[in-house]
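Biologist: Let's go through this structure term by term. I want to hear what stands behind each label.

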Amino acid sequence: MKITHNSIVRVRYGETDQMGVVYHGNYAQYFEIGRTEWLRSLGITYKYMEKTGIILPVISLNCNFKKSAYYDDELTISTILKNNPSVKIEFDYEIKNQYQEIVCTGSTILAFLNGETMRPMRCPEFILEKLKVS
């Protein structure tokens, strides 16, 4: 099961260092943009999940830098679901610039938690259902 979604972001000045290069810490935010838009493409929002008592913290983050991204570059964030979610959901990412050069690759693992008890839980059925029809 490889469901992919592409999101476009333009590098803002505040995301760069003095040399105009994207600061490495911003890639975690780019991955988050990719994840939230991947979910939104299925008709699911973090806001809805939190309203239903589900939280989804990142428990692992991996980033591999290939090439610098610069102020005003247009980046395409490809977010790929690695496998069927269970108690965890895993994503791979590939970020390319406007020249289709790979800037960064990475992955995250998030855990489904019951927002009230803060205990792990299985992936909600409404997410699994959306994945079946995608």
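Modeller: Start with contacts, meaning heavy atoms within 4.5 Å. Among contacts in the chain between residues at least 6 apart in sequence, 67% join residues at least 24 apart. This is a predicted model, where local features need pLDDT of at least 70, side-chain atom pairs count only at pLDDT 80 or more, and totals for chains, interfaces and linings use all residues. Residues are numbered from 1 along each chain as its sequence is written, and side-chain values use heavy atoms, with hydrogens and water left out.

Biologist: Which elements does the chain have, and in what order?

Modeller: There are three helices and seven strands. From the N terminus they run β-α-α-β-β-β-β-β-β-α. Both kinds are DSSP runs, numbered from the N terminus: helices are H or I with at least four residues, strands E with at least two.

Biologist: Why is Leu39 called buried?

Modeller: Buried means under 20% relative accessible area, exposed over 50%, and partly exposed in between (1.4 Å probe, protein chains only). Leu39 has 4%, so it is buried. Leu39 belongs to helix α1. Beyond its neighbours within four places in sequence, Leu39 contacts Ile44, Tyr46 and Met49. Its C-alpha atom is 26 Å from that of Lys66, 27 residues apart along the chain.

Biologist: And why does Ile127 count as buried?

Modeller: The relative accessibility of Ile127 is 1%, so it falls under the cut-off. Ile127 sits in helix α3. Not counting residues up to four places away, Ile127 touches Ile44, Met49 and Phe112. Ile127 and Ile44 are 83 residues apart along the chain, but their C-alpha atoms are separated by 7.7 Å. For the chain of 134 residues, the buried part is 40%.

Biologist: What makes a set of residues a nonpolar core?

Modeller: The members are buried Ala, Val, Leu, Ile, Met, Phe, Trp, Tyr and Cys residues, joined through side-chain atoms within 4.5 Å. The largest such core has 30 residues. Those with the most contacts inside it are Tyr27, Tyr30, Trp38, Met49, Leu75, Ile89 and Ile95. Two or more residues each come from α1 (26-41), α2 (46-51), β4, β5, β6 and α3 (125-133). The largest share, five residues, is from α1. In soluble globular proteins, nonpolar side chains tend to be buried together.

Biologist: Which residues does Met49 touch?

Modeller: Residues up to four places away aside, they are Leu39, Ile44, Ile54, Leu56, Phe126 and Ile127.

Biologist: How do you know that β5 pairs with β4 and with β6?

Modeller: Two strands pair if DSSP finds at least two bridges between them. Strand β4 (residues 74-81) and β5 have six, running antiparallel. Between β5 and β6 (residues 102-111) there are nine, also antiparallel. Both pairs therefore meet the definition. Opposite Lys96 of β5 stands Thr76, and opposite Phe91 stands Leu81. Ile95 has Cys104 in β6 as its bridge partner.

Biologist: What joins these strands?

Modeller: Hairpins. The one from β4 to β5 goes through six residues.

Biologist: What makes β1 and β3 edge strands?

Modeller: The open sheet has five strands in the order β1-β4-β5-β6-β3, paired antiparallel. β1 (4-10) and β3 (58-65) each pair on one side only.

Biologist: Which residues of β5 lie on the covered face, and which on the uncovered one?

Modeller: In β5 (residues 88-96), Ile89, Phe91, Tyr93 and Ile95 form the covered face. Lys88, Glu90, Asp92, Glu94 and Lys96 form the uncovered one.

Biologist: Why does the pair His5 and Ser7 count as a polar contact?

Modeller: The term needs a pair of N or O atoms within 3.5 Å; within protein, one must be able to donate a hydrogen and the other to accept it, and residues adjacent in sequence count only if both atoms are side-chain atoms. The side chains of His5 and Ser7 make such a contact at 3.5 Å. His5 lies in strand β1. Neighbours within four places aside, His5 also contacts Glu37, Trp38, Ser41, Ile77, Ser78 and Thr79.
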